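I opened this entry to keep track of what I looked up in one model. My notes follow the structure.

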Amino acid sequence: MSDCIFCKIASKEAKSNVVYEDDTVIAFRDLDPKAPEHILIIPKKHIDSLNELDNSDKELASHILVDVIPKVARDLSIDKSGFRIVVNTGDDGGQTVNHLHFHMLGGRTMTWPPG
Ligand code: 5GP
Ligand code: ZN
């Protein structure tokens, strides 16, 4: 999507602090971090939200969960201490950028329940 900031980050049209990248996924530091480590992991292709994932995205979704999230956690040295993955979806979920993204938060103890 031409006006999507995360598409622009994925295509390098917009700057970001990249911590991981492959053919289909890119991970970069959140502009306004909510924890000492706050990374956004996104598919490079535009998908509005979890609601729009479909059967053709199964490989991509499992790649993010099985490969990318554990690797980024290891690279940031928060795999042992722990971290939180958040996928805000839709208005009630608090989603503000309509390009699917996985927040990875770590480096401090999280509270529960979230607000
Ligand atoms: P959401 O509220 O949709 O779950 O999360 C969007 C996240 O994107 C927010 O944490 C916000 O700080 C981050 N964000 C918004 N615009 C930019 C940007 O241009 N660059 C980066 N690195 N993060 C952004
Ligand atoms: Zn996009």
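**Ground rules.** I am working with a predicted model, where local features need pLDDT of at least 70, side-chain atom pairs count only at pLDDT 80 or more, and totals for chains, interfaces and linings use all residues. Residues are numbered from 1 along each chain as its sequence is written, chains are lettered from A and ligands numbered from 1 in the order written, and side-chain values use heavy atoms, without hydrogens and water.

**Fold.** I looked up the secondary structure first. The chain has three helices and five strands. Helices (H or I, at least four residues) and strands (E, at least two) are DSSP runs, numbered from the N terminus. Along the sequence I read α-β-β-β-α-β-α-β.

**Overall size.** I checked the radius of gyration, taken over C-alpha atoms. The globule rule is 2.2 Å times the number of residues to the power 0.38. For 115 residues a compact globule would come near 13 Å, and the chain's 14 Å agrees with that. The C-alpha atoms fill a box of roughly 35 × 30 × 30 Å along the principal axes.

**Surface and contacts.** I noted an accessible surface of about 7,000 Å² for the chain, with 51% of it on carbon and sulfur atoms. Accessible areas come from the Shrake-Rupley method with a 1.4 Å probe, and for residues only the protein chains shown count as cover. Buried residues make up 38% of the 115. Buried means under 20% relative accessible area, exposed over 50%, and partly exposed in between (1.4 Å probe, protein chains only). I also looked at contacts (heavy atoms within 4.5 Å). Among those between residues at least 6 apart in sequence, 53% join residues at least 24 apart.

**Backbone exceptions.** Most residues other than glycine have a negative phi, and most peptide bonds are trans. I listed departures from this.
- Lys12 has a positive phi, near 70°. Lys12 sits in the loop between α1 (5-10) and β1 (18-21). I count Lys12 as partly exposed because its relative accessibility is 49%.
- Ser77 also has a positive phi, about 60°. Ser77 is in the loop between α2 and β4 (83-86). Ser77 is exposed, since its relative accessible area is 56%.
- The peptide bond from Trp112 to Pro113 is cis, with omega near 0°. Pro113 lies in the segment after β5 (102-106).

**Largest pocket.** I used a 1 Å grid over the protein atoms alone: a pocket is an open set of points with protein on both sides within 12 Å along at least five of seven lines, a cavity is a set where a 1.4 Å probe fits but cannot get out, and lining residues have an atom within 4 Å of a point. The largest pocket holds about 670 Å³. α1, β2 (25-29), β3 (37-43), β4 and β5 each give two or more residues to its lining. α1 has the largest share, three residues. Of the 29 lining residues, Asp30, Lys34, His38, Leu40 and His103 lie nearest the centre.

**Cavity.** I found one cavity of 30 Å³ or more. The largest cavity has a volume of about 30 Å³. Pro43, Ile47, Leu53, Leu60, Ala61, Ile64, Leu100 and Phe102 line this cavity. Helix α2 (residues 58-75) gives the largest share of that lining, three residues.

Technical notes. Points joined across faces, edges and corners; volume = space filled by probe spheres on them.
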